[in-house]
Amino acid sequence: MLLLLATVWGGSFFFGEIALREVPPLTITLHRVIWAVPFLALIVLFKGIAFPRSLPVWGAYLVMGALNNAIPFSLIFWGQTQIESGLASILNGTTAMFAAVVAGLLLPDEPLTAKKIIGAALGIAGVAFIMGSSALTDFNPSNLAQIAILGATLSYAFAGVWGKTALAGQPPLMNALGMLIGSTVLMIPIVLVFDGPPSLSLSAGVWGALIGMAVLSTALAYFLYFAILVRAGAANLLLVTLLIPPFAIGLGVLFLGEQMEREAWIGFAVIALGFAVTDGRLFSFLSRKAST
């Protein structure tokens, strides 16, 4: 299930690259959330989960939709107009480390430990290696795109804190559906103002990418996310962060002719090390092996 989740989430970068051929980034975000709503709603109804009737809860869903969907999806899709999908997925891999730091600063029950700080520092080092020293002096569109992806990871980090504090009492699948409804409500007026009414005259390939992104990379992904959370816990679920880039890169190489520079692979290795430090279990395992 973890591998399947990594595949469908990694596929979102691949689908986004195809959709960008004919659809602007903000409109892609709207397509991703609006078509996912009915599919996830069917799952919620099938499981007999009641819809909340509290206005504050729906207000919390609106904020969650902004932090976990509308803002990061839009930033990532815009970033992909300037950089390849594989590189975008690598930068997105810093999410878990930044989330640990933000949670450590804002949540009293998740203190900011030394391993979280070291893990985040390694993640930043990996990103810095990918971007290169020119990022400090030459803010070209490629560098700005990478910064946009990092902005998306920061938004995800705050979404995690918001979800834990404002939505902890609600059923997880209902939280996913409510969040998607909230992001849809937000994106409709934004798209109408900045992109105009979405065109339906798209090629079959682009429609396939949009529906695949909504059904597979969003609705199915959230279903798998919560299923794994129940079975394996949050710590194991975080492993998906490292599995997404290989799938995204593989799809880009096979179908889009993309190639990752050596610096990107080295940066990914440093980010992976940062994740291992933040997670802690790998080093605990090695320590136990060394003592036996």
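A residue counts as exposed when its relative accessible area is over 50%, and as buried when that area is under 20%; the legends below use these terms for a predicted model.

View 1. The rings of F14 and F255 form a tilted aromatic pair, with 5.6 Å from centre to centre and 55° between the planes. This pair links distant parts of the chain, since F14 belongs to helix α1 (residues 2–19) and F255 to helix α11 (residues 240–256), 241 residues apart.

View 2. The model contains 6 aromatic pairs, one of which joins F14 and F15 in a tilted arrangement, the centres being 5.8 Å apart and the planes at 50° to each other. Both of these phenylalanines, F14 and F15, are buried. A single aromatic cluster is formed by W9, Y222, Y225 and F226.

**View 3. Helix α2 and the ring of F73.** Helix α2, which spans residues 25–34, is mostly covered, with 8 of its 10 residues buried. The buried residues of α2 are P25, T27, I28, T29, L30, H31, R32 and V33. R32 lies over the face of F73, at a distance of 3.9 Å from the ring centre. Within the chain, confidence is highest in α2, where the mean pLDDT is 98.

View 4. The residues L105, L106, L112, I117, L154 and F158 make up a nonpolar surface patch of about 540 Å². Helices α6 (95–106) and α8 (141–166) each supply at least two residues of this patch, while I117 is found in helix α7 (residues 114–131).

View 5. The mean pLDDT of the chain is 90, and 96% of its residues reach 70 or more. Helix α13, comprising residues 281–291, has the lowest confidence in the chain, at a mean of 73.

How values were computed: Residues are numbered from 1 along each chain as its sequence is written. This is a predicted model: local features need pLDDT of at least 70, side-chain atom pairs count only at pLDDT 80 or more; totals for chains, interfaces and linings use all residues. Side-chain values use heavy atoms; hydrogens and water are left out. Rings of Phe, Tyr and Trp (its six-membered ring) pair if their centres lie within 6.5 Å; planes under 30 degrees apart count as stacked, over 60 as edge-to-face and the rest as tilted. Buried means under 20% relative accessible area, exposed over 50%, partly exposed in between (1.4 Å probe, protein chains only). Helices (H or I, at least four residues) and strands (E, at least two) are DSSP runs, numbered from the N terminus. A charge sits over a ring if NZ of Lys or CZ of Arg is within 6 Å of the ring centre and within 35 degrees of the ring normal. Patches are made of residues with over 30% relative accessible area and no salt bridge: like charges are joined within 9 Å, nonpolar side chains (Val, Leu, Ile, Met, Phe, Trp, Tyr) within 5 Å. Accessible areas come from the Shrake-Rupley method with a 1.4 Å probe; for residues, only the protein chains shown count as cover. A salt bridge is a side-chain nitrogen of Lys or Arg within 4 Å of a carboxyl oxygen of Asp or Glu. pLDDT is the predictor's confidence in each residue, from 0 to 100.
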